[in-house]
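Have the viewer open as you read.

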Amino acid sequence: MNGKYLLGFDVGSSSVKASLVDIERGDIAASAFYPEKEAPIVAVRTGWAEQDPQMWWDNAKLALRKIMQQAGAKGEDIAAIGISYQMHGLVCVDKNQKVLRPSIIWCDSRAVAYGERAFNELGKERCLTHLLNSPGNFTAAKLAWVKENEPELFRQINKVMLPGDYIAMKLTGEAQTTISGLSEGMMWDFKAKRPAKFLLDYFGFEDSLLAEVVPTFGIQSVVSEEAAQELGLKAGTPIGYRAGDQPNNAVSLNVFNPGEIASTAGTSGVVYGVLGDANYDPESRVNTFAHANYTTATDRLGVLLCINGTGILNAWMHRNVTSDLSYSEMNDLAASVPVGSEGVKIIPFGNGAERVLGNKEVGCSVHGVNFNKHGRAHLARAAQEGIVFSFCYGMEIMQQMGMELNKIHAGRANMFLSPLFRETLANVSGATIELYETDGSVGAAKGAGIGAGIYKDHDEAFSTLKRLAVIAPEESRREEYIEAYREWKDILEKSLSR
């Protein structure tokens, strides 16, 4: 084995993080992100969101320089490279691999009408059985917007890629993608097990616009001489892995098999579970993509539930109700109130339309407050309970798709720092929660180790993953938690029926 480190990049919309993982010990040798303040997102019009792909590359170089200095590492010390990236973005390059326009990123909503039109005209059953989703606002629909609104630019496009594909192209000079990447862009046909020609034909896209498909895990390509000189790496270093941020978050938590769940709870919240067969939600309230270990021979599907109104509600509560307290003190205050917040309920959907609610925007609302009985402690607990209940509401959809919810893996960060949040989630869902110390760039690095054959499998790669805590359901108390959830769900469903 040549080299002693694995290099992982995590290309987010706010920053690019890079980490070096020591191959032998499995721990982080160095880690940094750039910029230190949030990267800009350009919104020329309401609902638009764009970033310059060159900015990602520049930030990746700066983060890499920091960690190489931290570790005292040289280019020849890197054995393999992995890439995690913000999902659903569109990068268009010409025949010289020059970027033709800013990337239309994941949170840009301009293409919604294009996806809805395709869904209606191609037919709900055809789209769901082949794509496992509505074409929605994903990469293919964004390209359809470019074709109609920027026709001269569209004619210059040689390849379309996702953000991680672009970083890999800059490293190697090769335009490539993965099945997992095509699926997140709605360009993979799960029934035919090939690129979704019927959707490409509908939008009028030539098959040649798609980049070469390479395995998610495997030696995809190698660092070019040009990139090696630019970055201080060794030419020929293999790119062994790439995946979107949510499947990669699951990878970083060693979530590979059916029934395993990964969760995050930052500004928005995500529950990502693995299915062993191709399935979908008939109402498209959750999304189904090819997981990182999907192959045409073995179905491994990632079911993605996203709740917009999670940590952002907790932050709002902290800013406006408990600004004199730390987050830890606010958690203690919330825990001083009994389960169910003595009748106070908060519907947390105050961060825009929620896909889990059929794209309805019901807003955030507070219910059951008695001015003579309730105080800010009740509001603090009701906020955290409302966030957990929104997770469980979406997880019921996942269960209807055949997913078992036995264990939830999560990083110890954001809402999962709160004991009350963790205990409520365990007791309502019935799942055991395991907290780990990891992040996306570390997962990408270890994924590269698997793809390059440095580790024999994912169990070896993640054998050093540090489990920090285990929170099991309390059978003697579950009923009171479940009753509080039932009361919350009744309020939500009444509001949805109006």
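E150 and R101 are joined by a salt bridge, with N and O 2.7 Å apart; the term covers a side-chain nitrogen of Lys or Arg within 4 Å of a carboxyl oxygen of Asp or Glu. This pair connects distant parts of the chain, 49 residues apart: E150 lies in the loop between α4 (139-149) and α5 (151-156), and R101 in the loop between β6 (91-93) and β7 (103-104). Here helices (H or I, at least four residues) and strands (E, at least two) are DSSP runs, numbered from the N terminus. R101 is buried, at 8% relative accessible area, where buried means under 20%, exposed over 50% and partly exposed in between (1.4 Å probe, protein chains only). Through shared partners, salt bridges tie E50, R101, D108, R110 and E150 into one network.

Before going on, please keep in mind that this is a predicted model: local features need pLDDT of at least 70, side-chain atom pairs count only at pLDDT 80 or more, and totals for chains, interfaces and linings use all residues. Residues are numbered from 1 along each chain as its sequence is written, and side-chain values use heavy atoms, leaving out hydrogens and water.

The salt bridge count comes to 27. Another example is K61 with D58, whose closest N and O atoms are 3.8 Å apart. These two are three residues apart in helix α1 (residues 53-71), so about one helical turn separates them. D27 and R25 also pair, at 3.3 Å from N to O; D27 is partly exposed at 28%, while R25 is exposed at 52%.

Which residues have the most contacts inside the largest nonpolar core? They are L143, I157, L199, F391, M395, F421 and L425, in a core of 126 residues. Such a core is a set of buried Ala, Val, Leu, Ile, Met, Phe, Trp, Tyr and Cys residues joined through side-chain atoms within 4.5 Å. Helix α13 (residues 376-400) gives the most to this core, with twelve residues. A second, separate core of 42 residues includes L7, A30, I167 and A211.

Finally, look at the backbone. The peptide bond from Y34 to P35 is cis, with omega near 0°, and P35 sits in the loop between β3 (28-34) and β4 (50-51). S284, which is not a glycine, has a positive phi near 55°; S284 belongs to the loop between β16 (269-275) and β17 (287-290) and is buried at 10%.
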